Amino acid sequence: MTTVINLPPSLDERTFEAVLEHLAPVPLDEKVLLDGRHTRWASPYGLTALLTVAQTRAEKPALVSPESEETGSYWARTGFFKHAEELFEMHGTTHRARASGESDVLLEITPVAKSEDVHEVVGRIQQKSASILVKELNIDAKATMGFAMTLSEACQNIVEHAGRGGWVAVQTYRWQKRLGRRVVVIAVCDAGVGFRQSLESAQGRRMSDRWDDGMALEEAVIRGVSRFRDPGRGQGLAGVRRYIGRWDGKLSVRSGTARIAIVPSWDEDVPLEEKLPPFPGAQMQITIPERITDR
Amino acid sequence: MINHIDLSTVLRRTVCDLYSDLVTRPTGAAVRDGIEKQLSELGDRSLTVIDFSHVGLLDYSCADEIVAKLLMRYADANAPRDAYFLFRGVSDSHLDAIETVLERHGLAIVAQAEDGTVVLVGTVDDPERRAWEAMLRLGRAMAVDLAREAEIEPEQVERVLGALCRRRLAMELDGGYVVVGAVT
């Protein structure tokens, strides 16, 4: 039996929850077909999370690619199909990448499993991001290094804690609906052990009565707690928080059944969501908006 | 003896000859090992310039592995040798990562700007900062002179100077005290 799950027209961090809701009751060894024919747009989070879904399934899932040529072309530009072909049984139109002025892929979807991958990602993003961050997002030239640092730390979260490889992607686009500004978005998704299990593996750690995914996220993201006893650990996510605070950005991290967010004034997200459909690993999104300057 | 360590060279030699960014903990740990190997070839007492000039990016994890852990090891009572460090070629973006990890551990370093001036970076209390700045103004100085210059009670000054030396921010030299970096 195959369970068909329709992908939403706009596949992003919020709408992906609907996919997970439909996916949650389906046994891991049961076939699923993700139908993306009517999907018109996908964020880096949506695409990396799709690949992550495939990693969680025991039975290779099927994916129907978008019918829209424009959408398919963008997905191709992000490198999505290259990885999807290995993880999914692909159906539907085969798309090729075409140039577009509306969105810029700063970093194609890239697998991250080891320290060397982080070096590769950081090297590539520095070459491409500097001029775009400065010219299009009005972000101080000095901040481009901070951006690469943030990306490095987000990726290292996979290497250090996930226990299996994940995905990273970076893109800029105009976020018309919510902001009317351009944004740069980093998505880092893995299907590893997740924050709760990672913290539980800390030697001698005592869990409180209310120990769950939400609390694990609070500990790791807000308080900088790590599974390692080394007091220097946990600085990566603290650094990410500091960077997004400085540039009025947003950080959200989903793990297991909870999602935590550092919410800037331009957004109306909630700080903590619990009892979400379960999903392995950790999924992180960092959004830095264009800076409004007096001209 | 003053030793010079170019971190980009250590990075290429110990990790990968194509890298110019100091990112990830394993990279930081490997570079610190490389530094310690060089230190082990020096005498019991040494001043080493740790040069970031040719380093691209430094992330928090690497800053913690290289700067914080190096300092903690040599500021410890069981340190393998009496080693002091002067940090050179530190850019604003390097500084962001370095300051963060120093604050986390309550550490401080002496950094040298392009014009040769030296500054304290990190966590230093007020008497320590006054004593250090007095030392910088006076050059090599005796405790009694530093107490007067820094306006620190004479009975306090030995403790403050001891802390600065233990923290690798100053060193005893010919019976006096001198700021790390003032002797290069």
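Biologist: What share of the contacts in chain A with a separation of 6 or more comes from residues 24 or more positions apart?

Modeller: The model is a predicted one. A contact here requires heavy atoms within 4.5 Å. Among the contacts in chain A with a separation of 6 or more, the share from residues 24 or more positions apart is 70%.

Biologist: What is the corresponding share in chain B for residues 24 or more positions apart?

Modeller: The count for chain B again takes contacts with a separation of 6 or more. Residues 24 or more positions apart supply a share of 66%.

Biologist: Which radius of gyration does chain A have, and why is it described as being as compact as a globular protein of its length?

Modeller: Chain A contains nine helices and 13 strands. For its 295 residues the globule rule gives 19 Å, and the value for chain A is close to this, so the chain is as compact as a globular protein of that length. The radius of gyration of chain A is 18 Å.

Biologist: Which radius of gyration does chain B have?

Modeller: Chain B has seven helices and seven strands, in the order β-α-α-β-α-β-α-β-β-α-α-α-β-β along the sequence. Its C-alpha trace spans about 55 × 30 × 30 Å along the principal axes. A compact globule of 184 residues would have a radius near 16 Å, and chain B agrees with this at 16 Å.

Biologist: How many residues of α6(A) are buried?

Modeller: In chain A, buried residues make up 59% of the 295 residues. Helix α6 of chain A covers residues 143–162 and reaches 28 Å from its first C-alpha to its last, close to the 28 Å expected at 1.5 Å a residue. This helix is mostly covered, and the number of buried residues among its 20 is 17.

Biologist: Which residue just after α6(A) takes a positive phi?

Modeller: Helix α6 of chain A ends at residue 162. Just after α6(A), a positive phi of about 85 degrees is taken by A:Gly163.

Biologist: Which residue in the loop between α5 and α6 of chain A is named here, with a positive phi although it is not a glycine?

Modeller: Helix α5 of chain A covers residues 115–135, and the loop in question lies between α5 and α6. The phi is about 55 degrees, and the residue that takes it is A:Asn138.

Biologist: Is B:Thr24 buried or exposed?

Modeller: B:Thr24 lies in the loop between α1 (7–14) and α2 (25–40) of chain B. It has a positive phi of about 80 degrees although it is not a glycine. Buried means under 20% relative accessible area. B:Thr24 is at 1% relative accessibility, and therefore counts as buried.

Biologist: Is A:Lys275 buried or exposed?

Modeller: A:Lys275 is placed in the loop between β12 (272–273) and β13 (279–289) of chain A. Its C-alpha is separated by 9.2 Å from that of A:Arg259, 16 residues apart along the chain. A residue counts as exposed when its relative accessible area is over 50%. A:Lys275 is at 79% relative accessibility, so it counts as exposed.

Biologist: How far apart are the mean positions of the positive and negative charges of chain B?

Modeller: Chain B has 20 positive and 31 negative charges.

How values were computed
Residues numbered from 1 in each chain as written. Chains lettered and ligands numbered in written order. Predicted model: local features only at pLDDT ≥ 70, side-chain atom pairs only at ≥ 80, totals over all residues. Heavy atoms only, no water. Helix = DSSP H or I, 4+ residues; strand = E, 2+ residues; numbered from the N terminus. Rg over C-alpha atoms; globule rule 2.2 N^0.38 Å. Buried < 20%, exposed > 50% of the residue type's maximum accessible area, 1.4 Å probe, protein only. Expected span 1.5 Å × (residues − 1). Lys, Arg positive; Asp, Glu negative; His and termini not counted. Charge placed at Lys NZ, Arg CZ, Asp CG, Glu CD.
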